[in-house]
Amino acid sequence: MSHSIQSQAGHGLPMILVVDYGSQYTQLIARKVREMSVYSEVIAPGKPLPHSDNPILGVILSGGPQTATGNEQPIDEAILALDVPLLGICYGMQAMAIHGGGLVKKGEVGEYGHTELSLTPSPLWAMLPADAKNHLRVWMSHEDHVVKLPEDFHIIAASRHAPIAAMAHKHKPWFALQFHPEVSHTEHGDAMLAQFVQGICQCPQAWQVTDIETSLISTIQEQVGQDHVLLGLSGGVDSSVLAALLHKAIGDQLTCVFVDTGLLRRGEADQVMTTMHDHMAVNVIKVDASERFFQQLQDVTDPETKRKICGELFVEVFQEQSKALRHNTIWLAQGTIYPDVIESGGVHGTAEVIKSHHNVGGLPETLGMPLLEPLRMLFKDEIRLLGKCLGLSEVFIGRHPFPGPGLCLRVIGEVTPERVATLQACDAIFIEELHAQGWYNQVAQAFALLLPVMSVGVVGDQRAYAPVVGLRAVTSIDYMTAEWADLPRELLTKVSSRIVNEVPGVSRVVYDITHKPPATIEWE
Ligand code: XMP
């Protein structure tokens with residue numbers, strides 16, 4: 001039977017608990033708190049409080065899609081019994097209003113986007129700059145609003161359509177905001193959150209991801225004992241950081257399997273092997289399975305079938321390698337990170353459903369090994385910091401994310417070694433120019449796509465009829481939403497002309513200007 005361990009992240013440190021009522025911004029709230037060097041965890045309403053020795057110094061109730069005028073979810077007794085400061089945001093405010101006997105109604109006009117707010121004095125505004133203490137532009141996203149104050153509350157902010165846009169308890173450290181302080185569109189939102197967390201809850205700024213390296217290592221050593229650990233190394237940031245961490249914790253008791261699918265970015269297989277094996281002396285078995293992948297993908301054009309084939313092949317190769325290891329107990333290490341846990345419902349129940357999407361190659365728990373997930377309480381940027389203090393170079397850990405099934409999702413249509421090679425060459429040019437012109441770190445992800453569309457061009461004096469290449473670059477914080485990146489015209493021009501001139505068999509380059517939503521980041 002598989003089981004997982006909780007990492008000892010934040011061991012013993014005071015923390016802020018974020019109750020997730022389902023808002024798309026919940027992760028952002030938890031991350032903003034950690035960015036202040038204060039530990040935070042997310043919990044679903046109705047679920048038991050986390051079993052940890054981290055004292056909870058304050059609770060933030062998130063927004064959510066519920067309406068407080070129908071399918072409302074009350075504030076848990078266990079939360080109220082903590083008797084700590086509360087901050088309700090959007091739905092969280094409405095839940096607080098109902099709890100205290102106030103009234104919430106559907107507004108005649110919803111408020112979405114920027115709203116002007118008039119403030120009245122409150123301790124929550126203590127960290128706002130002097131010129132913002134009366135008037136602010138904030139980000140609203142609601143239809144319901146509080147129309148009657150709960151008992152013992154008073155108004156601390158009003159907007160045109162929501163006369164009770166923020167409220168505070170007269171005697172307890174309870175505050176509630178109809179708007180979203182966690183989104184960047186709210187002026188001085190960070191100052192409000194900082195005042196709640198540090199000023200009102202008195203949380204010390206003690207959370208440092210670098211400090212937890214030691215406690216992660218001792219937890220891993222305790223858990224694994226003399227057993228062996230197997231890790232599917234994808235070359236991505238999470239699995240690479242995990243490899244470095246495990247190596248430091250248990251040395252030769254770790255074996256990594258790196259499957260070269262033939263579908264990696266140009267030079268990536270070598271880069272992973274050089275960093276992990278040669279520089280860090282991590283025990284890595286490299287399996288060249290590219291022929292098997294190309295063979296199975298022959299004539300397949302449907303994206304989901306491509307994903308399925310890659311996932312199954314990966315497991316097959318992995319199983320072959322794990323059988324060859326002769327140890328009694330072998331743990332399966334996974335680079336599961338906190339957003340995976342939150343998104344997959346890990347905080348919403350006792351069952352830990354892990355999105356296969358995020359696992360290294362989608363390794364299933366049915367492999368029948370106990371599961372080791374030391375990074376499961378960390379956010380992506382924290383993993384990068386941890387990687388840095390473990391000695392991975394910035395170039396390595398700052399790379400853009402790459403999907404498990406690799407380039408078969410970016411060679412749209414049929415996947416052949418020739419088409420993949422064409423795409424790799426175009427992609428390498430795009431990435432090279434982004435680095436050269438200082439744009440690589442300003443976008444969250446950038447890549448080229450090979451389209452199954454032919455177009456006419458003139459190469460030299462010859463008419464050419466060849467495939468079209470697409471370029472995609474996005475900015476994003478959490479990859480759940482993204483905006484197409486407004487790259488400079490000169491950069492795009494240079495990439496386009498280099499691709500058409502340097503890569504044989506490409507006639508035209510187009511740039512994708514679609515946000516997510518409605519599009520996704522990848523094309524398949
Ligand atoms: P989408 O295309 O859903 O992508 O907007 C969001 C992020 O997830 C990555 N992605 C994947 N990663 N296996 C993965 O490991 C997949 O099948 C997969 N599909 C998308 C994508 O690159 C982006 O960072």
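Predicted model: local features only at pLDDT ≥ 70, side-chain atom pairs only at ≥ 80, totals over all residues.
From the backbone, an N or O atom of Gly404 lies 2.9 Å from a ligand oxygen. From the side chains, a polar atom of Gln445 lies 2.8 Å from an oxygen atom of the ligand, and an N or O atom of Glu522 is 2.5 Å from a ligand oxygen. On its own the ligand has 500 Å² of accessible area, of which the protein covers 84%.

The bond from Lys516 to Pro517 is cis, with omega near -15°. The next bond, from Pro517 to Pro518, is likewise cis, with omega near 10°. Pro517 is found in the segment after strand 18, which spans residues 508–511, and Pro518 is placed in the segment after strand 18 as well.

Strand 13 (residues 330–333) is covered on both faces. Ile330 and Leu332 are buried on one side, and Trp331 and Ala333 are buried on the other. Strand 13 pairs in the parallel sense with strand 10 (residues 228–233) over four bridges. It also pairs in the parallel sense with strand 14 (residues 371–372), over two bridges. Leu332 takes part in both pairings: Leu230 stands opposite Leu332, and in strand 14 the bridge partner of Leu332 is Leu371.

Helix 8 (residues 290–297) has the buried residues Ser290, Phe293, Phe294 and Leu297. Seen down the helix axis, the buried residues fall within an arc of 95°, so they line one face of helix 8. The face turned away from this buried side carries Glu291 and Gln295, which are exposed.

His188, with phi of about 55°, lies in the loop between strand 9 (174–177) and helix 4 (189–200). Gln202, with phi of about 60°, is found in the loop between helix 4 and helix 5 (212–224). His188 is partly exposed, with a relative accessible area of 34%, whereas Gln202 counts as exposed at 56% relative accessibility. The cut-off for exposed is over 50% relative accessible area.

Key. Residues numbered from 1 in each chain as written. Heavy atoms only, no water. Polar contact = N/O pair within 3.5 Å; in protein donor to acceptor, adjacent residues only side chain to side chain. Areas by Shrake-Rupley, 256 points an atom, 1.4 Å probe, with all protein chains shown as cover. Buried < 20%, exposed > 50% of the residue type's maximum accessible area, 1.4 Å probe, protein only. Pairing = 2+ DSSP bridges. Arc of directions from axis to C-beta.
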